[in-house]
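Reader: Please go through this structure with me. I would like each label set against its cut-off.

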Amino acid sequence: MNMKKVNKTIVYLIVGLLPLISACSPDDFGLGSTLSKADLKYSITQDPSDPNTIILESLTPNAIPCWTTPAGRSTKVNDKVQIAFPGEYSFVYSVMVNGGYVQADTFKLNLTTTNLNYVDNEYYKMLTGGVGNSKRWIVDNGSYGLAAGAMAYGDPTSTKNASMAFNNYDTNWAPSGNANGSTDTDMHYGRVMEFSLDGGPYMKVYESDGSLLQSGTYSLDVNTVKISTTDASILSPDNFVANVANWNKNLQIVELTNNRMCVATMRTNSEGSWWYFWNYVSEDYANSYVPADEPDPNFTFDIDQAAALCQGYSQKWVLSKQTPFNWANLDASLMNSSWVDNATYADWTGFNASATTNYAKASITFKSNGSVDVVDSDGKSETGSYSLDSKKNLITFSGVKPNIYISGGWVYASTTDDNQWKILDIDMKFDKPYGIWMGKRDSSQKQYMCYYFVVDESGFDVTAKNELSSGSTQIWKMDTATPFDWGSLWGVRLNGFSSITDYPSWTEYTTDAIANFDKCRVSFSSDGTASFTNDSGEKAAGTFTVDETGENITFVDMDVSFNIVSWINCTTSDKQWKIFSTEYTSDKLSAIWFGALSSDKSQYMVYKFVKTKK
């Protein structure tokens with residue numbers, strides 16, 4: 001983001017923005033014409049009864065006018081601009097004729113009067129606090145009961161979004177916490193944007209330390225509730241700035257109250273058009289917000305929780321080497337979804353690959369008789385007991401208090417003051433539990449600190465290989481009904497396509513596309529060999545490994561890559577697939593969704609494969 005300090009003494013405020021057209025642009029001047037500048041006739045006058053209303057009149061015959069005003073551009077023959085505050089303002093008149101554009105000299109208007117009736121409006125009051133006041137806004141991180149997080153996405157082809165307006169929009173995904181794929185550093189929490197009506201429509205952006213980052217002006221169209229800014233921009237995360245071409249002109253405010261504001265920008269990068277909705281909360285509201293006491297929700301799982309913990313008689317659990325901890329909302333959704341391995345954790349956590357040695361000796365073993373063995377980071381072992389309230393998902397320890405050091409000098413897998421953990425999620429692979437998120441409820445906020453334990457079973461990779469290979473050799477082909485989707489980092493398919501008719505036109509998936517991949521095959525053998533056959537019958541062979549959790553498959557000496565539609569390929573991520581989810585028919589594995597992690601590690605591209613005999 002290019003940021004600079006700007007001191008601007010001439011300010012303006014326009015109540016009704018003039019119609020804008022892309023063809024009316026100074027970039028088009030100089031194309032040659034049949035008129036000269038001397039032939040242009042127009043008038044720019046102040047209304048005698050209200051000098052803050054500027055009347056524009058085009059008098060050049062047989063020509064299309066183009067007015068460039070402090071409010072934008074207009075092609076009306078007769079128009080007017082209402083300016084609330086005094087100052088010097090520039091107007092440019094030009095016309096379009098057969099030969100191109102002809103532009104008159106810039107007209108300077110020195111306005112000495114004020115008309116605050118133009119800003120005596122509910123939208124200005126909600127944005128600024130009213131005439132003579134200023135109001136500060138910050139990014140909504142999802143902690144104030146107004147929005148799930150900093151941003152949401154919107155399909156531009158949906159009925160509402162195609163004709164988007166104030167209080168008329170819809171979202172298709174609203175990630176919690178940070179903007180999708182953004183780190184706390186990208187978000188710049190602590191920055192403030194301020195909108196003022198104290199002497200003029202000033203906009204300022206402050207750094208978290210209070211220093212001035214940007215200083216400019218803004219204009220608000222109260223008819224459409226669109227905002228334009230000059231020399232300052234609305235707050236946005238660093239990793240999204242390049243995705244949007246327009247951060248300043250005619251941005252649609254889709255929600256505005258005394259406490260909340262949501263602004264829409266259109267994504268314009270190579271990913272294609274899509275709406276981003278940016279959520280803000282007034283600083284005063286955020287500072288005074290006290291969350292209501294909200295009890296822990298209760299969760300249900302596909303497996304009995306007691307059976308998951310001890311898996312028959314006894315099960316040993318260890319902290320994940322990739323994602324040992326996180327924070328979660330009360331609905332169990334992870335607040336830092338971008339932490340997908342030990343290389344993607346924020347620096348302030350102190351966690352990285354080398355930190356895994358801190359808890360290499362630690363483990364927790366749950367037994368069906370109610371006893372529990374806890375080994376801490378130093379290898380010291382203690383035995384106690386545990387009880388499980390399945391309705392509330394609560395594990396209560398007695399005689400032992402888990403406290404496993406992880407990283408940074410302050411991150412520990414520890415229990416609450418009541419010596420409890422809440423089971424937030426149970427991850428299944430091949431109908432067996434292999435990972436459990438244990439949550440420690442924060443005493444002052446609506447969130448958990450949570451810890452990810454995985455089964456300590458070196459043979460789990462053998463289980464995975466047997467399932468993939470059906471005990472010998474198993475051939476897999478892509479499902480033609482639902483070959484692909486997108487998946488969240490926490491294991492949820494984002495669109496839930498269930499048949500070919502569910503795919504929107506923008507995906508380009510139709511029955512014609514089946515020929516691209518219908519002959520492609522991937523096979524797995526129990527001895528660890530694998531092969532891939534493309535649609536031309538060409539075969540590649542290699543080996544595959546499965547990590548100890550049975551979650552991640554790595555191909556060795558073999559690439560899997562083929563076309564599904566013109567812009568979507570089935571491929572791996574660094575020769576690796578995640579077993580995203582499995583489907584069973586009559587208690588037998590029938591389908592697997594494999595996931596390839598996106599390059600920015602924000603989501604998975606997932607592919608559904610089914611068993612075949614040839």
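Author: Lysine 601 and aspartate 341 form a salt bridge, with the closest N and O atoms 3.1 Å apart. This is a predicted model, in which local features need pLDDT of at least 70 and side-chain atom pairs count only at pLDDT 80 or more, while totals for chains, interfaces and linings use all residues. Residues are numbered from 1 along each chain as its sequence is written, and side-chain values use heavy atoms, with hydrogens and water left out.

Reader: Why is the pair of lysine 601 and aspartate 341 called a salt bridge?

Author: The term requires a side-chain nitrogen of Lys or Arg within 4 Å of a carboxyl oxygen of Asp or Glu. The value for lysine 601 and aspartate 341 is 3.1 Å, so the pair meets the cut-off. Helices (H or I, at least four residues) and strands (E, at least two) are DSSP runs, numbered from the N terminus.

Reader: Is aspartate 341 buried or exposed, and how is lysine 601 classed?

Author: Buried means under 20% relative accessible area, exposed over 50%, and partly exposed in between (1.4 Å probe, protein chains only). Aspartate 341 has 16%, so it counts as buried. Lysine 601 has 26%, so it is partly exposed.

Reader: Why is lysine 578 called buried, and which residues does it touch?

Author: Its relative accessibility is 12%, so lysine 578 counts as buried. Lysine 578 is placed in strand β37 (residues 576-585). Leaving out residues up to four places away in sequence, lysine 578 touches Tyr434, Glu551, Asn552, Trp593, Phe594, Gly595 and Tyr604, where contact means heavy atoms within 4.5 Å.

Reader: How many disulfides are there, and how are cysteine 262 and cysteine 310 classed?

Author: The search of the whole structure finds zero disulfides, the term being kept for a pair of cysteine sulfur atoms within 2.5 Å. Cysteine 262 has 1% relative accessibility and counts as buried. Cysteine 310, at 7%, counts as buried too.

Reader: What makes β22 and β23 a pair of strands?

Author: Two strands pair if DSSP finds at least two bridges between them. Five bridges join β22 (residues 381-389) to β23 (residues 394-398), which run antiparallel, so the strands pair by that rule. Serine 385 has serine 398 in β23 as its bridge partner. In the hairpin, which has four residues between the strands, asparagine 393 takes a positive phi near 60°.
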